[in-house]
Amino acid sequence: MNSGIINRLSDAAFEDPWSSFFMDVLSPLNLVKVSHVRMQGILLLVFASYQHLPYIQILFTNSTPTGLFGYWGNKGGVYICLKVYGYYVSIINCHLPPHIANNDQRLEHFDRILEMQNFEGQDIPNILDHDLILWFGDMNFRIEDFGLHFVRESIKKQCYSHLWEKDQLSIAKKHDPLLREFQEGPLLFPPTYKFDRNSSDYDTSEKRRKPAWTDRILWRLKRQSQAGPHPPRLPAPCFSLSLRSYVSHMTYSISDHKPVTSTFDLELKPLVSAPLITLMPESLWTMENNMVVSYCSDPDFSSSPWDWIGLYKVGMRHVNDYVSYVWVGDNQISFSDNLNQVYMDISTIPKTADQCLLCYFSNNLNSIVGISKPFQIPPRFFLREDPLGEAQPQF
């Protein structure tokens, strides 16, 4: 992320380049940006596929600056807390202090970022009681003791085992009980820092920094409570995470770091099995110049006058990428225990042959709580003016 003042002003007025790029790539795959948080050069984006949207609730976003005694965001962490099918999931992206001698400061900032994710006054458990924490970023941990020549020769020969033993994060996990609870995949790729820009050569500048695995991806599953002498005979909820890949991508050269990615399989038994809102596009019909949308809600759903229903084209980029929308409270026609109807002005909808979706956005939950199956708006819904100025149905 370019965090210069000109770029920050531009990104405040428009989408930042990374968000735009990922939406360009992922929206054709039916992945939607559901949340993001940025602090200067640290950006965290969360995308989800359509079928998961009604079961993902954005609970909390936060940024924790740790640079310049906690007043500057060049270092620190950004955080998104989600509820996924009823489970609490926390995601943290961080940038910790650099240089080999600052390991204690790195660990202190790690703890501070964790401690600052508190939810006072909100019905959210402590972050250490969340079902999953994903934590990644430029953690800046270095390789101790070994000299530059030994480290580079070990990398050249792909002999990483000696380097693992002197990796500061690996050492810290042996002595810190909380850090030990965070898991990481095997470091089977070369150290990802520091490279000459636009090359795959390690640092050739005067500083000739020693290579290190600075860029890491960790995860932590919720501690299982200790069973007493007579444990309850209730099945434990199914929630497990398995690592599929943990790799670096050495062909990218725009930075002095090489990017690192992980792929996981998350297996869970949903604690929430039905959406709070069920939209019924098959029940679309017109009333004068309006399109009527029908939906039903869960008995436990608490609606707000600021809830709205958006009409989207399939391939939507984010929640505000709607073609048209209506306020549920203002445009309601009728309601009963099981069925609600609102109208949408057809004149606000451009004629399209594209597949569309309806999404119900809850203001209280700050999330999409209902999504329809893809459908096509029948051409007869659109009106055109005849030469006498009278609206006629178009078939």
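Q: Is Asp167 buried or exposed?

A: Burial is judged by relative accessible area, with buried meaning under 20%. Asp167 has a relative accessible area of 0%, so Asp167 is buried. Note that this is a predicted model.

Q: With which residue does Asp167 form a salt bridge?

A: The partner is Arg216, and the closest N and O atoms of the pair are 2.9 Å apart. The two residues link distant parts of the chain: Arg216 is in strand E8, Asp167 is in the loop between helix H5 and helix H6, and 49 residues separate them. Arg216 is also buried, because its relative accessibility is 1%. Asp167 and Arg216 belong to a network of salt bridges together with Glu184.

Q: How many salt bridges are there?

A: A salt bridge is counted when a side-chain nitrogen of Lys or Arg is within 4 Å of a carboxyl oxygen of Asp or Glu. By this rule there are nine. One of them joins Glu181 and Arg220, with 2.8 Å between the closest N and O atoms. Glu181 lies in the loop between helix H7 and strand E7, and Arg220 lies in strand E8, 39 residues apart. Arg220 is buried, at 0% relative accessible area, whereas Glu181 is partly exposed, at 25%.

Q: Where in the chain are Lys194 and Asp256?

A: The side chains of Lys194 and Asp256 form a salt bridge, at 3.6 Å from N to O. Lys194 is in the loop between E7 and E8, while Asp256 is in the loop between strand E9 and strand E10, 62 residues apart. Both residues are buried.

Q: Now a helix. Which residues of helix H2 are buried?

A: An α-helix has 3.6 residues a turn, so residues three or four places apart point the same way. In H2, which spans residues 17-26, the buried residues are Ser19, Ser20, Met23 and Leu26. Seen down the axis of H2, they fall within an arc of 145 degrees, so they line one face of the helix. What covers them includes strand E1 and strand E2. At the start of H2, a side-chain oxygen of Asp16 comes to within 3.1 Å of the backbone nitrogen of Trp18.

Q: Which residues is Ser35 in contact with, leaving aside its neighbours within four places in sequence?

A: Ser35 is in strand E1. Its relative accessible area is 8%, so Ser35 is buried. With those neighbours left aside, its contacts are Leu44, Leu45, Val46, Ile58, Thr61 and Ile80.

Notes. Residues are numbered from 1 along each chain as its sequence is written. This is a predicted model: local features need pLDDT of at least 70, side-chain atom pairs count only at pLDDT 80 or more; totals for chains, interfaces and linings use all residues. Side-chain values use heavy atoms; hydrogens and water are left out. Buried means under 20% relative accessible area, exposed over 50%, partly exposed in between (1.4 Å probe, protein chains only). Helices (H or I, at least four residues) and strands (E, at least two) are DSSP runs, numbered from the N terminus. The arc is that of the directions from the helix axis to the C-beta atoms. Contact means heavy atoms within 4.5 Å. A polar contact is a pair of N or O atoms within 3.5 Å; within protein, one must be able to donate a hydrogen and the other to accept it, and residues adjacent in sequence count only if both atoms are side-chain atoms.
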